[in-house]
Amino acid sequence: MMGQVPKTVTWGLLAAWAVHDAEELATMAGWVRDNRERLEERFPQVPWERLEMSQRHVNVAIGLMAGVIAGAAADGARTGGRSPLFQTVLAGFGLHGLVHLAQAAITRGYTPGLVTSPLVVLPFAAWAWRRLKAEGVPVRGSTAGLLYFPVVLGGVHVLAHLLTRPRRPRKDDRWF
């Protein structure tokens with residue numbers, strides 16, 4: 001008989017994500033701006049001006065991603081960790097941690113999310129997978145599901161851009 005997957009596995013995804021994204025919330029907006037000159041010298045082909053984000057954009061993007069992560073954690077809790085959505089997001093979260101390590105290696109320095117990736121993201125993801133397997137939960141997430149990771153991340157940033165871009169006033173916007 002399969003055991004019960006603890007809620008620390010499913011809702012723990014949301015908690016681990018919140019700790020990790022608190023670091024990103026505190027550092028992301030200023031990081032490109034503060035490192036842009038060094039990055040442009042090292043990687044002149046990258047359009048760094050397009051990668052700069054306001055703090056407002058970062059706040060909205062992280063808020064939108066919170067909805068995605070919370071939905072996946074809730075689905076994982078509802079299904080005892082068996083949800084393909086939960087498992088795919090858990091795998092994406094672990095992959096995200098590896099991406100942060102690679103970014104830091106490529107840029108030869110700190111990048112937003114670097115501190116919590118080896119301390120929170122990777123250990124949590126590894127622990128959660130071990131717990132799922134120990135409780136006999138079949139792993140149904142697929143590698144193809146991970147292809148949604150950049151789509152979701154890109155979608156969150158596009159929507160954040162649309163929600164935070166300056167609005168041009170129109171003639172009929174007068175309130176008097």
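Visitor: Is Glu 135 buried, partly exposed or exposed?
Guide: Glu 135 counts as buried, at 16% relative accessibility. Buried means under 20% relative accessible area, exposed over 50%, partly exposed in between (1.4 Å probe, protein chains only).

Visitor: What are the ground rules here?
Guide: This is a predicted model: local features need pLDDT of at least 70, side-chain atom pairs count only at pLDDT 80 or more, and totals for chains, interfaces and linings use all residues. Residues are numbered from 1 along each chain as its sequence is written, and side-chain values use heavy atoms, with hydrogens and water left out.

Visitor: Back to Glu 135. Which side chain meets Glu 135 in a salt bridge?
Guide: Arg 131, at 3.1 Å, N to O. A salt bridge is a side-chain nitrogen of Lys or Arg within 4 Å of a carboxyl oxygen of Asp or Glu. Arg 131 is partly exposed, at 26%.

Visitor: How many salt bridges does the structure hold?
Guide: Five. One of them joins Asp 75 and Arg 78, at 2.5 Å, N to O. Asp 75 is buried at 17% relative accessible area, whereas Arg 78 is exposed at 64%.

Visitor: Where do Asp 75 and Arg 78 lie?
Guide: Both are in helix α3, three residues apart, about one turn of the helix. Helices (H or I, at least four residues) and strands (E, at least two) are DSSP runs, numbered from the N terminus.

Visitor: New topic. Where is Ser 83?
Guide: In the loop between α3 (55-78) and α4 (84-107). Ser 83 is buried, at 1% relative accessibility.

Visitor: Which residues does Ser 83 touch?
Guide: Asp 75, Gly 76 and Arg 140, leaving aside residues up to four places away in sequence. Contact means heavy atoms within 4.5 Å. The Ser 83 side chain also reaches the backbone nitrogen of Phe 86, at 3.1 Å.

Visitor: How many aromatic pairs does the structure hold?
Guide: One. The ring centres of Phe 124 and Trp 127 are 5.8 Å apart and the planes sit at 45 degrees, so the pair is tilted. Rings of Phe, Tyr and Trp (its six-membered ring) pair if their centres lie within 6.5 Å; planes under 30 degrees apart count as stacked, over 60 as edge-to-face and the rest as tilted.

Visitor: Which helix holds Phe 124 and Trp 127?
Guide: Helix α5 (residues 116-134). Phe 124 is buried at 11%, while Trp 127 is partly exposed at 29%.

Definitions and conventions: Polar contact = N/O pair within 3.5 Å; in protein donor to acceptor, adjacent residues only side chain to side chain.
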